[in-house]
Amino acid sequence: MELLLNKLSNLSYEILGIILPGFITLILFILLIVGTGDLLPAFSNDFFPRLTLRSTSNTLESIGVRTGVGIAGPAILIAYFIGHLLHWISRSGKGDDELVKNNFKRTWLSITFRVPKHSTSYDKNLQPLLDALKPKFHLSPEAEWRQFFSPAKHYLIRTSNTSLVSVYQNKYTLHRSITTGAALIFWLSIISMAIGIISAHFLCVEPRWIPLCFLAVGCLVVTWGFSDSYAYNWKMFGNTIITETYSLLFGPSTK
């Protein structure tokens, strides 16, 4: 049973933290292609057709079960690799409480692929609980957070079937990757509009301005919102490790 729970926990991390943000970014990219209008066919010599939401919807409705299964496999694979790329890029943010609290600075850093987080991995009010836990894991009072949370997390996996640690880990990874994916599509939308201005003047070829503008603004809002929720869930991950471990080791018995 313990082995099964560990496997399910790892699988949920791959699905929620890697594949799901990859799919979301893939959908945003399709919306970007729709927004480019005639730009893509013009610059690819009609290799890529003009894509619209209606034509995409009609195509999806006409796909049979066998073809759908054949498309689903490559789509999941693409989403998996996109998710890992987002996960790798999004880890470069530094810890700074002031940057997290400042909406403008946090959003700016996030759209430049440096999603900020809190300066500490847990609430400082929980420091007495952490100090009481360190001797239980044969750690000195000066031991760093990284020395504590790995064995504590493993202890929770072995002893608690209702732990929320993996939930918060999946959530902060998901929200951080979504933030980075939205930032990527934001810049691609801006670049598409810049190219559209030039091509409209010289080639009389224009993108679909309104969808592109809505997509850029929408991605900016997503970056603002999910960067904040990422910082919250990242800190809750550390808080949960401390409080759950303390409850199991020092809390009253439920028997």
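User: Helices here are DSSP runs of H or I with at least four residues, strands are runs of E with at least two, and both are numbered from the N terminus; how many helices and strands does the chain have?
Analyst: The chain has ten helices and zero strands, and from the N terminus on its elements run α-α-α-α-α-α-α-α-α-α. This is a predicted model, in which local features need pLDDT of at least 70 and side-chain atom pairs count only at pLDDT 80 or more, while totals for chains, interfaces and linings use all residues. Residues are numbered from 1 along each chain as its sequence is written, and side-chain values use heavy atoms, with hydrogens and water left out.

User: What share of the residues is buried?
Analyst: Of the 255 residues in the chain, 38% are buried, where buried means under 20% relative accessible area, exposed means over 50% and partly exposed is in between, with a 1.4 Å probe and protein chains only.

User: And what share of the contacts comes from residues 24 or more positions apart?
Analyst: Counting contacts (heavy atoms within 4.5 Å) with a separation of 6 or more, 74% are between residues 24 or more positions apart.

User: Let's look at α6. Which of its residues are buried, and what covers them?
Analyst: In helix α6, which spans residues 103-111, the buried residues are Arg106, Thr107, Leu109, Ser110 and Ile111. Their cover includes α5 (97-101), α9 (165-202) and α10 (209-250).

User: What happens at the start of α6?
Analyst: There, a side-chain oxygen of asparagine 102 comes to within 3.1 Å of the backbone nitrogen of phenylalanine 104. A polar contact is a pair of N or O atoms within 3.5 Å; within protein, one must be able to donate a hydrogen and the other to accept it, and residues adjacent in sequence count only if both atoms are side-chain atoms.

User: What does the side chain of serine 110 reach?
Analyst: Serine 110, in helix α6, has a side chain that reaches the backbone oxygen of arginine 106 at 2.7 Å. Serine 110 counts as buried because its relative accessibility is 0%. Leaving aside neighbours within four places in sequence, serine 110 is in contact with Val115, Pro116, Thr179, Ala183, Thr223 and Ser227.

User: What about histidine 138, buried or exposed?
Analyst: Histidine 138 counts as exposed because its relative accessibility is 76%. Histidine 138 sits in the loop between α7 and α8, and its phi, near 55°, is a positive value in a residue other than glycine.

User: What does threonine 180 touch?
Analyst: Not counting residues up to four places away in sequence, threonine 180 touches Leu86, Ile89, Ser90, Phe113 and Val115. Threonine 180 lies in helix α9 and counts as buried, at 0% relative accessibility. Threonine 180 and histidine 87, which are 93 residues apart in sequence, lie 8.4 Å apart in space, C-alpha to C-alpha.

User: Switching to packing: at what angle do α8 and α10 meet?
Analyst: Helix α8 (residues 145-159) and α10 pack at about 60°, with their axes 10 Å apart. That makes α8 oblique to α10, since angles under 35 degrees count as roughly parallel, over 145 as roughly antiparallel, 65 to 115 as roughly perpendicular and the rest as oblique. Axes are lines fitted to C-alpha atoms, for helices over the stretch in contact, and angles run from 0 to 180 degrees between N-to-C directions.

User: Which residues make that contact between α8 and α10?
Analyst: From α8 they include Trp145, Phe148 and Phe149, and from α10 they include Phe237, Gly238 and Ile241. By class, the contact of α8 with α10 has eleven nonpolar, three polar and two charged residues, where Ala, Val, Leu, Ile, Met, Phe, Trp, Tyr, Cys and Pro count as nonpolar, Asp, Glu, Lys and Arg as charged, and the others, Gly among them, as polar.

User: And how do α9 and α10 pack?
Analyst: α9 and α10 pack at an angle of about 160°, with their axes 7 Å apart, and are therefore roughly antiparallel to each other. The residues of the contact of α9 with α10 divide into 25 nonpolar, eleven polar and three charged.
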